[in-house]
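Dear colleague,

I am passing on the structure we spoke about, and below it you will find my notes on what was found. Please read them with the model open beside you.

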Amino acid sequence: MKPPINTFTERTIQWLNAYEENLWFNLERVPQLEPEIGEAILSGFLEQACQCQHIGNIEIGQYGILTIPKEWVLQHIEHLAEPLLQAEDEWQYRRLFEVYYILDKSLARKLALRATNNPNPDIKEAGEDFSKQLNRETA
């Protein structure tokens, strides 16, 4: 579901218009843009979905990621998400898991395993939560 037009969405639309007019309404075009532009857009949506605190921004980021053609996103998302994971921030792990869970369960499983093996106890706990969620689904 497309997020409502509000201050957060308007900012995102302005940001995207800097790349191409009306891109917000045509996110399926992202893979056709120059590779560095497409990756900048996906990175921007990852930041919104994983680093922001306001649910409006989080939903905009998730919507953007999930609206860009899935095959292209799957080719690029892991290496673009790596800096988020390197930050060792539980919040970012949890938000990225939400994205991966909706996008691709195998990515969600990889992230759950990575988090479970993390020495940071908060991230390890998040990984255990992810694993439980994935296990409930398959039970």
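Gln92 lies in helix α5, which covers residues 90–103 (helices are DSSP runs of H or I with at least four residues, and they are numbered from the N terminus). Gln92 counts as buried because its relative accessibility is 7%, where buried means under 20% relative accessible area, exposed means over 50%, and partly exposed is what falls in between, with a 1.4 Å probe and protein chains only. Once its neighbours within four places in sequence are left aside, Gln92 is in contact with Cys50, Gln51, Leu84 and Ala87, a contact being heavy atoms within 4.5 Å.

Before going further, please keep in mind that this is a predicted model, in which local features need pLDDT of at least 70 and side-chain atom pairs count only at pLDDT 80 or more, while totals for chains, interfaces and linings use all residues. Residues are numbered from 1 along each chain as its sequence is written, and side-chain values use heavy atoms, with hydrogens and water left out.

Helix α4 takes up residues 70–86. Its 17 residues reach 24 Å from the first C-alpha to the last, which is close to the 24 Å expected at 1.5 Å a residue (the expected span is 1.5 Å times one less than the number of residues). Even so, α4 bends by about 45° at Ile77, the bend being the angle between axes fitted to the seven residues ending there and the seven starting there. The buried residues of α4 are Trp72, Val73, His76, Ile77, Leu80, Ala81, Leu84 and Leu85, and these pack against α2 (35–51), α3 (55–67), α5 and α6. After α4 comes Glu88, which has a positive phi, near 55°.

Leu74 also lies in α4, but it counts as partly exposed because its relative accessible area is 30%. Not counting residues up to four places away in sequence, Leu74 touches Leu103, Asp104 and Leu107. The C-alpha atoms of Leu74 and Tyr100 are separated by 9.7 Å, although the two residues are 26 apart along the chain.

Turning to charged side chains, those of opposite charge can pair when their charged atoms come close. The structure holds six salt bridges, each defined as a side-chain nitrogen of Lys or Arg within 4 Å of a carboxyl oxygen of Asp or Glu. In one of them, Lys110 pairs with Glu78, and the closest N and O atoms are 2.7 Å apart. Because Lys110 lies in helix α6 (residues 105–116) and Glu78 in α4, this pair ties together parts that are 32 residues apart in sequence. Lys110 is partly exposed at 48% relative accessibility, and Glu78 is partly exposed with a relative accessible area of 35%.

Arg114 forms a salt bridge with Glu82, again with the closest N and O atoms 2.7 Å apart. This pair likewise links distant parts of the chain, with Arg114 in α6 and Glu82 in α4, 32 residues apart. Arg114 is partly exposed at 31% relative accessibility, as is Glu82, with a relative accessible area of 25%.

Elsewhere, the side chains of Glu20 and Arg29 meet in a salt bridge, at 2.7 Å from N to O, and Arg29 counts as partly exposed because its relative accessibility is 28%. Finally, Glu90, Arg94 and Asp129 are linked in a network of salt bridges.

Note on methods
Helix = DSSP H or I, 4+ residues; strand = E, 2+ residues; numbered from the N terminus.
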